[in-house]
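Here is a short briefing to read alongside your structure. It goes through the sheet, the helices and the charged pairs in turn.

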Amino acid sequence: MSGGKPLRLLGLHGYGQNQRSFHARTGALRKALRGRAELVTVSAPHPAGPGPEPEPGVADADPRCWWFPRPREGALGAREEAAPCQGLEESLEAVAGAFAAHGPFDGLLGFSQGAALVARVCALKQRGDARFPFQFAVLVAGFESSGDREPIAVPSLHVLGDADRVIPPARSRELAARFVDPAVLTHPGGHFVPASAPQKRAYLEFLAKFLK
């Protein structure tokens with residue numbers, strides 16, 4: 001970025017959410033980042049069942065997902081053992097399409113299943129996939145979904161909740177361990193995108209590395 005313009009982040013929502021509901025759920029975050037970063041959200045291409053832990057006052061009409069869960073995976077497709085993700089290729093094309101239609105983007109921000117997808121996109125970027133030109137990633141309540149152990153050198157901030165019962169913090173730490181020199185931010189809450197004062201400071205400190 002140049003000229004003091006805010007960074008632009010492409011936001012990938014969690015299972016059972018969509019562009020509109022994720023925009024609503026990240027209102028506090030967008031306010032915290034105002035003037036520093038703009039968050040642009042997009043919907044996943046696949047229909048999904050309702051997501052876990054719905055927030056009061058936010059209805060997930062038209063719930064979407066980035067891939068379909070398999071039996072015994074639970075609602076998010078957060079498996080203990082990695083397996084092929086049905087619908088993944090269509091979602092990668094949707095993310096590439098968002099870069100083409102709404103970019104450029106400086107970074108990716110993903111929540112839950114969206115964070116797992118962000119990790120896959122980071123791995124593709126590292127392998128030279130020109131569809132995904134960005135500098136960094138923020139992964140909130142992410143989990144490993146690929147089974148790949150190749151280190152990922154994309155700068156990353158991993159956000160995990162000590163009280164998260166949907167994606168336990170150990171799963172998010174497992175994903176963070178795939179990244180080279182990851183920044184890790186913990187908060188005392190559960191399965192949501194935190195944006196209180198301590199998290200705001202951490203976000204801004206991380207993003208400051210990419211503001212020019």
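Is arginine 149 buried or exposed? Arginine 149 is exposed, with a relative accessible area of 53%; here buried means under 20% relative accessible area, exposed over 50%, and partly exposed in between, with a 1.4 Å probe and protein chains only. Please keep in mind that this is a predicted model, where local features need pLDDT of at least 70, side-chain atom pairs count only at pLDDT 80 or more, and totals for chains, interfaces and linings use all residues. Residues are numbered from 1 along each chain as its sequence is written, and side-chain values use heavy atoms, with hydrogens and water left out.

**The sheet**

- Six strands make up an open sheet, with parallel pairing and the order β2-β1-β5-β6-β7-β8. Helices (H or I, at least four residues) and strands (E, at least two) are DSSP runs, numbered from the N terminus, and two strands pair if DSSP finds at least two bridges between them.
- β2 (37-42) and β8 (183-187) stand at the edges with a single partner strand each, so one side of each has no neighbour in the sheet.
- On average, neighbouring strands of this sheet are turned by 20 degrees against each other, direction ignored. Axes are lines fitted to C-alpha atoms, for helices over the stretch in contact, and angles run from 0 to 180 degrees between N-to-C directions.
- Five bridges join strand β5 (residues 107-111) to β6 in the parallel sense. Leucine 109 has valine 138 as its bridge partner in β6.

**Helices and their packing**

- α3 lies across β1 (7-12), β2 and β5, and runs at about 150 degrees to β1.
- α4 lies across β1, β5 and β6, at about 145 degrees to β5.
- α3 and α4 pack with their axes 11 Å apart, at an angle of about 75 degrees. That makes α3 roughly perpendicular to α4 (angles under 35 degrees count as roughly parallel, over 145 as roughly antiparallel, 65 to 115 as roughly perpendicular and the rest as oblique).
- Leu88, Ser91, Leu92 and Val95 of α3 meet Leu117, Arg120, Val121 and Leu124 of α4 in this contact, where contact means heavy atoms within 4.5 Å.
- In helix α6 (residues 197-207), the buried residues are Gln199, Ala202, Tyr203, Leu204, Phe206 and Leu207. The buried residues of α6 pack against β1, α2 (27-32), β2, β6, β7 and β8.

**Salt bridges**

- The whole structure holds ten salt bridges, each a side-chain nitrogen of Lys or Arg within 4 Å of a carboxyl oxygen of Asp or Glu.
- Arginine 131 and glutamate 93 form one, with the closest N and O atoms 2.9 Å apart. This pair links distant parts of the chain, 38 residues apart: arginine 131 is in the loop between α4 (113-126) and β6 (136-140), and glutamate 93 is in helix α3 (residues 88-102).
- Arginine 131 is partly exposed at 28% relative accessible area, and glutamate 93 is partly exposed at 48%.
- Glutamate 174 meets arginine 149 in a salt bridge (3.6 Å, N to O). Glutamate 174 lies in helix α5 (residues 169-176) and arginine 149 in the loop between β6 and β7 (156-161), so the pair ties together parts 25 residues apart in sequence.
- Arginine 171 also forms a salt bridge with glutamate 174, the closest N and O atoms being 3.8 Å apart. Arginine 171 is buried, with a relative accessible area of 11%, while glutamate 174 is partly exposed at 33%.
- A network of salt bridges links Arg127, Glu144, Asp148, Glu150 and Arg178.
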